[in-house]
Each structure stands twice: as C-alpha cells, then as structure tokens.
Amino acid sequence: MKGAINATISHSRHRAVSDQTNVMNNSAFNFDTLSPDLIMDALEGVGLRVDSGLTALNSYENRVYQFMDEDRRRYVVKFYRPERWSAAQIALDLASAEIPAVAPLALQGATLHTHAGFFFTLFPSVGGRQYEIDNLDQLEWVGRFLGRIHQVGGERLFAERPTMG
C-alpha cells in the first residue's frame with residue numbers, strides 16, 4: 001500500500017508540473033520569438049541602432065534590456081509579455097501626479113510601439129540609488145512617495161485593470 005501511495009503522489013506531482021508546462025507554452029506567456037535579431041529590428045524600426053549589444057535587466061513579467069546607440073546614449077527597452085496587456089492597460093501617466101518615474105520616450109510620435117506581435121517602450125537609461133534605511137529624512141520621503149502612488153490608484157475605479165478579489 002505504501003508503494004501505491006508514493007506512486008500516486010509522484011504521479012500527481014508530475015501532472016502538476018506538466019500542467020504548469022502547458023500553461024507556460026501558451027503564447028500568452030511565451031517569449032520564444034523575442035530573439036536579439038527581432039529586438040534589433042524593432043529598435044531600428046523606431047530609428048535607433050544598437051551599437052553596444054543588449055544587456056538583460058531584471059524583470060519579473062516582461063523582458064527588459066539596456067543598450068547604447070551609435071551616439072553612445074544609453075537606453076532601456078521594455079518588451080511586454082505577449083497577449084498579457086492591451087495598449088490601454090499599459091498607458092499610465094505618473095508624471096502628472098508628481099510621481100518621480102522615468103517617462104517613456106516619444107519616438108515617431110508615440111511612446112508605445114509594436115513589432116512582430118510585441119508591445120515595447122523605450123526609456124532613457126537613468127541611474128538610481130538605494131536609500132539609507134537609517135536616514136529618517138529619506139524614509140519620510142519614501143513614505144510620501146508610496147502614499148502618492150496609492151492616492152493615484154484610489155482616485156478612480158480601474159477601467160483597464162479591473163480590481164481583483
């Protein structure tokens with residue numbers, strides 16, 4: 001009987017992993033076609049030529065790369081997960097709420113672009129810094145900043161990103 005229980009547990013673990021694999025192979029969660037050549041073609045399509053190669057940056061859900069153009073200017077390009085977000089869901093104006101975020105660049109009259117089924121946005125590459133956890137002035141600033149973000153989120157119901165729960 002013990003062997004049958006272990007076999008059942010093993011089979012259900014395999015089925016769970018297999019189900020996860022099937023979900024990840026769904027095109028809504030797939031970046032298989034986002035090759036370096038496709039990225040370079042997308043960037044050239046908006047008038048930028050990569051001179052430095054592409055450096056992958058940390059991102060949980062999307063694909064984000066830093067690069068330099070021919071004039072040695074640094075950029076960050078963000079490719080959004082296919083079929084996950086609509087253009088309206090991606091659009092968000094934080095600057096008008098005085099939230100200090102790097103705004104996307106307007107190239108060819110737009111901040112959101114498409115190429116080969118991917119939405120992508122370009123930003124200037126801006127360095128940051130980590131705040132000092134024992135600096136009360138900086139902690140107060142971070143608290144105000146977080147409060148402002150929550151205030152923007154509470155100003156109206158989400159039309160493009162429905163609330164959960």
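## Salt bridges, core and a capped helix

Arg-73 counts as partly exposed, at 43% relative accessibility, where partly exposed lies between buried (under 20% relative accessible area) and exposed (over 50%), computed with a 1.4 Å probe on protein chains only. The structure is a predicted model, in which local features need pLDDT of at least 70 and side-chain atom pairs count only at pLDDT 80 or more, while totals for chains, interfaces and linings use all residues. Residues are numbered from 1 along each chain as its sequence is written, and side-chain values use heavy atoms, with hydrogens and water left out.

Arg-73 belongs, with Asp-69 and Asp-71, to a network of salt bridges, a salt bridge being a side-chain nitrogen of Lys or Arg within 4 Å of a carboxyl oxygen of Asp or Glu.

| Salt bridge | N to O distance |
|---|---|
| Asp-69 and Arg-73 | 2.9 Å |
| Asp-71 and Arg-73 | 3.1 Å |
| Arg-49 and Glu-70 | 3.3 Å |

Arg-49 is itself partly exposed, with a relative accessible area of 48%. Helices (H or I, at least four residues) and strands (E, at least two) are DSSP runs numbered from the N terminus.

The largest nonpolar core has 18 residues, and those with the most contacts inside it are Leu-34, Leu-43, Phe-67, Val-77, Phe-79 and Leu-122; such a core is a set of buried Ala, Val, Leu, Ile, Met, Phe, Trp, Tyr and Cys residues joined through side-chain atoms within 4.5 Å. Two or more residues each come from helix H2 (36-45) and strands E2 (63-68), E3 (74-79) and E5 (118-124), with H2 giving the largest share, 4 residues. Neighbours within four places in sequence aside, Leu-43 is in contact (heavy atoms within 4.5 Å) with Leu-48, Val-50, Leu-54, Phe-67, Val-77 and Leu-122.

Helix H4 (residues 136-154) has 19 residues and should span 27 Å at 1.5 Å a residue, which agrees with the 27 Å between its end C-alpha atoms; the expected span is 1.5 Å times one less than the number of residues. Asn-135 caps the N-terminal end of H4, with a side-chain oxygen 3.0 Å from the backbone nitrogen of Asp-137.

Key:
A polar contact is a pair of N or O atoms within 3.5 Å; within protein, one must be able to donate a hydrogen and the other to accept it, and residues adjacent in sequence count only if both atoms are side-chain atoms.
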